[in-house]
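Please view the sequence and the model before reading on.

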Amino acid sequence: MPIRVRTSARDSDSAAGHAAAKLALAALFSVGAGRIVLVPRRHAPPAPWIRDRAGRFRRATAALSLAHRDGRAIAAASRSRIALGADLEPAGAIDPAHARYFLTRRERTAPNAPGLTERWVLKEAAWKALRCASDTPFAAIELAFNDAGALCGITLRGVQRPARARLLHPWPGYVAAVVATRSTE
């Protein structure tokens, strides 16, 4: 289950993300959040380490993704070898005139597809799960939706992967998504 955190206006988004990630990992490994240490990595989620009762650290094997916005954050963690991505945006934040810049024609016309902000958070969460390079445009990823409008697959550069997603409304006026797919590593 995704973890959500809201910090005060004085706290930064990164502090909220850090707190959400530690809480998600603490719940996953059944330890206190104070025993989790996050080591920053370039272009990747932080690497989690857990301090044991003797004070030694060991690298925790976990998929982790986090997103933050406006002092709020969500994080998702899993022990399985899946790839996770998370995103968080204010509801209605995406201008409909910009849809053609990040959605493919098929995504724009998909019957039963979720709303525009929901498709944005799904697309960004998928981009994170696939660990796309910073120069990979969102339109290079295509989301597939089933008849009920739920995410069922992701295509990147002609490679299709099954995927699942959870859309959330963690706070009034906010939309979040967590996407899980096969690991690309």
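## Exposure of the cysteines

In this predicted model, C152 counts as partly exposed because its relative accessibility is 37%, a value that lies between the 20% limit for buried and the 50% limit for exposed. C132 has a relative accessibility of 12% and therefore counts as buried, since buried means under 20%.

How many disulfides does a search of the whole structure find? The search finds zero. C132 takes part in no disulfide, and the cysteine sulfur nearest to that of C132 belongs to C152, 18 Å away. C152 is likewise in no disulfide; for C152, the nearest cysteine sulfur is that of C132, at 18 Å.

## The largest pocket

Rolling a probe the size of a water molecule over the atoms shows where empty space is left. The largest pocket holds about 960 Å³ of space.

Its lining consists of 41 residues, and those nearest the centre of the pocket are R41, A44, P45, L64 and R131. Two or more lining residues come from each of α1 (13-29), β2 (36-41), β3 (44-51), β5 (63-69), β7 (82-90) and α4 (116-129). Strand β5 supplies the largest share of the lining, with seven residues.

Definitions and conventions: Residues are numbered from 1 along each chain as its sequence is written. This is a predicted model: local features need pLDDT of at least 70, side-chain atom pairs count only at pLDDT 80 or more; totals for chains, interfaces and linings use all residues. Side-chain values use heavy atoms; hydrogens and water are left out. A disulfide is a pair of cysteine sulfur atoms within 2.5 Å. Buried means under 20% relative accessible area, exposed over 50%, partly exposed in between (1.4 Å probe, protein chains only). On a 1 Å grid over the protein atoms alone, a cavity is a set of points where a 1.4 Å probe fits but cannot get out, and a pocket is an open set with protein on both sides within 12 Å along at least five of seven lines; lining residues have an atom within 4 Å of a point. Grid points are joined across faces, edges and corners, and a volume is the space filled by probe spheres set on the points. Helices (H or I, at least four residues) and strands (E, at least two) are DSSP runs, numbered from the N terminus.
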